[in-house]
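Student: I'm new to this structure and would like a close look at a single part of it. Could you walk me through the open sheet and the helices beside it?

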Amino acid sequence: MTIFEEKDKIGGMLQYGIPDFRLPKTILDRYKARLLELGVKIRPHVVMGGDLMIDQLFRDGYRAVFIGTGVWRPSTLGIQGETLPNVHFGISYLARPVSYTIGQTVAVIGMGNVAMDVARTAFRHGAQRVMLFQRGSKSPASDHEMEYARLDGAEFFFGKSIQRITPKGPVFKASVLNENGRPVSVAGEDELVPADTTIIAINQGPKDKLVNTTHGLQASERGLLIVDENNMTTRAGVFAGGDVVHGSLTVVHAVENAKNAARAMMRYMEENE
Ligand SMILES: Cc1cc2nc3c(=O)[nH]c(=O)nc-3n(C[C@H](O)[C@H](O)[C@H](O)COP(=O)(O)OP(=O)(O)OC[C@H]3O[C@@H](n4cnc5c(N)ncnc54)[C@H](O)[C@@H]3O)c2cc1C
């Protein structure tokens, strides 16, 4: 069994998303050692759908393939200013915070769990003030993640609709909210929030390399892989699970999917011997 991994280390979001202060990476090192002991081979720095194709795996004798490529494409806001040098994506920032010069004042667009990790990481890399902005009246983050960010000093601003980003910081208008606290329109004057860096942390979607390069592999409109109850994709012998199937969720969901797929892959290989 071989793992093909695009990055330097295995572990996905556990390695490159969840910050060290929440998940010590020594735990992942132990998992890697165990995998090697079990005879699993690892090929780092291989992009499937780029360097190698899934069709080539079957050519070389692999009898079943599992895709667990996650959601690594940051969602964009589609507003002016996203390409400015003072603007970054949260998911990329978390992968290697030391690569970024963020200054002292950081504005985070979005208020989900990823935004909380971004805020807490920014404080540990020099930020003195971190402000998080949400269009509606509620945060999608879990209460405890929000509380930890608050304890670190994060400030939360609700009902703020981002209009554009400037070299001096993001510009908002006040959201007009419906009875459920959801934004329906905007009102009032533009408000510039001075910030050295603006980090966009609104959502992630899957990259489309594998769908574009693999014959018979189908995805939903959101780019998520379509699977059946056995986690088999629309291509026979190719299984998938985790975030690339259900969108960004949790480790437990990804593991449940992977176990279901592993059982089905064993059956598939026995039946197609
Ligand atoms: C900041 C952040 C914090 C989170 N916190 C929590 C938490 O506290 N608790 C929790 O349960 N969940 C958390 N999650 C969610 C959790 O990390 C994911 O649901 C889980 O990691 C999904 O696992 P996966 O295997 O599907 O994908 P991933 O973990 O994304 O792994 C995908 C792997 O595939 C590799 N890859 C991608 N494309 C290719 C390619 N073309 N070729 C080769 N390799 C490729 C990637 O490099 C990566 O190693 C968090 C997510 C983020 C972003």
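Tutor: Here is a walk through the sheet, followed by the helices.

First, some ground rules. This is a predicted model, in which local features need pLDDT of at least 70, side-chain atom pairs count only at pLDDT 80 or more, and totals for chains, interfaces and linings use all residues. Residues are numbered from 1 along each chain as its sequence is written. Helices (H or I, at least four residues) and strands (E, at least two) are DSSP runs, numbered from the N terminus.

Let's begin with the sheet. Five strands form an open sheet in the order β5-β12-β6-β7-β8, with parallel pairing; two strands pair if DSSP finds at least two bridges between them. In general, strands of a sheet pair through backbone hydrogen bonds, either parallel or antiparallel. Here β5 (87-89) and β8 (155-157) are at the edges with a single partner strand each, so one side of each has no neighbour in the sheet. From one strand to the next, the twist averages 25° (axes are lines fitted to C-alpha atoms, for helices over the stretch in contact, and angles run from 0 to 180 degrees between N-to-C directions).

Now for the pairings. β5 is joined to β12 (residues 197-200) by three bridges, and the two run parallel; Val87 has Thr198 in β12 as its bridge partner. Between β6 and β7, also parallel, there are five bridges, and Ile109 is partnered with Phe133 in β7.

As for who meets whom, Asn113, Met116, Ala119, Arg120 and Phe123 in α5 meet Glu145, Met146, Tyr148, Ala149 and Asp152 in α6, where contact means C-beta atoms, placed from the backbone, within 7 Å. By class, this contact has six nonpolar, one polar and three charged residues (Ala, Val, Leu, Ile, Met, Phe, Trp, Tyr, Cys and Pro count as nonpolar, Asp, Glu, Lys and Arg as charged, and the others, Gly among them, as polar).

Methods
Two residues are in contact if their C-beta atoms, placed from the backbone, lie within 7 Å.
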